[in-house]
Amino acid sequence: MEDLFGLFFGLFFMVVPLVFFWAIGHMVEGAHYKSIKKREIIKIKQPVFNIKRLPEEGAVRHAELVCGSVVVSIDYFKRFLAMLRSIVGGRVEAYESLLDRGRREAVLRMKDKCPQADYVLNVRFESAAIGKSADQSKQIGSLEVLAYGTAVYLQK
Amino acid sequence: MKIMEIELDKQLDLIEDNVNIGKTNLLLVCFQLLAGLLVLFSLSAFILISSANLIVDLLPDATVWKAQELMKVEFLAGSVSADAEIQAYLQEISDRLKAATPMRDIQLKLIYVKDKDVNAYAVPGNMIMVTSALYEEASSENEIAMILAHEQGHFYYRDHLRALGRKMSLLLLTVLVAPSADIGSLLDGLVGGLLLRYSREQEYKADAFGLDLMNKVYGGNAAGVIDFFERLQKKEGTSAKFTAFLSTHPLSSERVAALKENITQNGMKDGTKIPLRIKKVEKAEDSAE
């Protein structure tokens, strides 16, 4: 009898913080995605390309390197989930949205650097795990995503 | 630019539909994983602990006594008694009880220590320790004898080795499963409770053994046998049942109930309590109690 009590007691103390942090993380991420989508629609006239040269080109007035970077982190709940995953294996879905947000935010910031440019060519991504990287545990604390490319200003 | 115009509609679609993230509900996944791990770990712990218990059961007596000797708590073995007379008295009761058990050829040393906490331990290395607070609270020889018989039960059932086996099983599992400290402590907490259950189980068995021994040695006299446990029950109060699952000992009320049932099953009758031969000078213990 007392064992059941103990089991529920323990599970309660585990479940409540998890749900709490899940809710917080969900809200924070939702807000960030909303902002990302809004800005992506605004900047849709300024495309980015991975290729080095466009087949159709006008005369180029000016070109320069631009880069945007962002550091994103995940909440306690996602970290906990990733830890559980590391025992069993499989897709770590907890981190997928983190990486996606990082990438998109970095591209947006890169575009911010050159608001007058017609397009950005040769865009590449670099990511680095920071914050907890010195730790032995294989958990990602924060992720830095860098997007860089060549901004091209065409002759009008 | 031509390229940009063609792709504009597709781009708007992409912003809304995100292929790069999963669609599953993370909370659900988390609890599924937790439940799965809990079941897996508990099952493995159960198997390991059962195997350890089986090994302890099958070990021959000689090996067991040798092993328990090796676990001897050295600093206690050489300690000076708080009261030599009382210690000798307790040793005499203990030896009288032991003579009726299969352990009659083993020496169990009684150690009487001065301590304000009421306690009696079966100490690894064939020693039984009794505190002065316990002796001073006792109201009859029967009560003390029951406590000593209970402690002897721990030796009879090889409980120290079992406890060691349990701890090592848990350690082994944590080391195997947990690459990092966080998971280790999580699983430790989940299954640690399981270990306490085994410990409480042991206490019940020692109680039953003690009662049986009292039946043999004190001629079916049930007087004074549950006094100590009833006193414990009063001290624990009603709030104890909420923290009972954290304890190595069962709820005293449960122990009393189990003992009472055993008393009727064994056919023991209420007789006269034997007063303590040596009384503490400060307290005047009344034998009519």
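Helices (H or I, at least four residues) and strands (E, at least two) are DSSP runs, numbered from the N terminus. The model shown is predicted: local features need pLDDT of at least 70, side-chain atom pairs count only at pLDDT 80 or more, and totals for chains, interfaces and linings use all residues. Residues are numbered from 1 along each chain as its sequence is written, chains are lettered from A and ligands numbered from 1 in the order in which they are written, and side-chain values use heavy atoms, with hydrogens and water left out.

**View 1. The largest pocket and the elements of chain B that line it.** In chain B, β2 (120-123), α7 (141-156), α8 (159-177), α9 (181-217), α10 (227-236) and α12 (252-266) each supply at least two residues of the lining of the largest pocket. On a 1 Å grid over the protein atoms alone, a pocket is an open set of points with protein on both sides within 12 Å along at least five of seven lines, a cavity is a set of points where a 1.4 Å probe fits but cannot get out, and lining residues have an atom within 4 Å of a point. The volume of the largest pocket is about 910 Å³; grid points are joined across faces, edges and corners, and a volume is the space filled by probe spheres set on the points. The lining consists of 32 residues, and those nearest the centre are His154(B), Ser199(B), Glu203(B), Thr248(B) and His249(B). With six residues, α9(B) gives the largest share of this lining. By class, the lining of the largest pocket holds 14 nonpolar, 11 polar and seven charged residues (Ala, Val, Leu, Ile, Met, Phe, Trp, Tyr, Cys and Pro count as nonpolar, Asp, Glu, Lys and Arg as charged, and the others, Gly among them, as polar).

**View 2. The largest cavity, lined by residues of chains A and B.** Three cavities of 30 Å³ or more are counted, and the largest cavity has a volume of about 50 Å³. Its lining is made up of Leu81(A), Ala82(A), Arg85(A), Arg91(A), Val92(A), Glu93(A) and Ala94(A), together with Leu26(B), Val29(B) and Leu33(B). Two or more of these residues come from each of α2 (76-88) and α3 (93-113) of chain A and α2 (26-58) of chain B. Seven residues of the lining of the largest cavity are nonpolar and three are charged, with no polar residue.

**View 3. Helix α3 (residues 61-70) of chain B and its buried residues.** Val64(B), Trp65(B) and Gln68(B) are the buried residues of α3(B) (buried means under 20% relative accessible area, exposed over 50%, partly exposed in between, with a 1.4 Å probe and protein chains only). Because these buried residues fall within an arc of 95° when seen down the axis of α3(B), they line one face of the helix; the arc is that of the directions from the helix axis to the C-beta atoms. An α-helix has 3.6 residues a turn, so residues three or four places apart point the same way. The other side of α3(B) carries the exposed residues Ala62(B), Lys66(B) and Leu70(B). The packing partners of the buried residues of α3(B) are α7 and α8 of chain B, where contact means heavy atoms within 4.5 Å.

**View 4. Ser169(B) in helix α8 of chain B.** Ser169(B) has a relative accessibility of 7% and therefore counts as buried. Leaving out residues up to four places away in sequence, Ser169(B) touches Leu48(B), Ile49(B) and Ala52(B).

**View 5. Asn122(A), a residue other than glycine with positive phi.** The phi of Asn122(A) is near 55°. Asn122(A) belongs to strand β2 (residues 119-130) of chain A. With a relative accessible area of 21%, Asn122(A) is partly exposed.

**View 6. Asn126(B), not a glycine, with positive phi.** The phi of Asn126(B) is about 60°. Asn126(B) lies in the loop between β2 and β3 (127-131) of chain B. Its relative accessibility is 8%, so Asn126(B) counts as buried.

View 7. Chain A has three helices and three strands, in the order α-β-α-α-β-β from the N terminus. Of its 156 residues, 41% are buried. Chain B has 12 helices and three strands, and 45% of its 289 residues are buried. Among contacts with a separation of 6 or more, residues 24 or more positions apart account for 83% in chain A and 76% in chain B.
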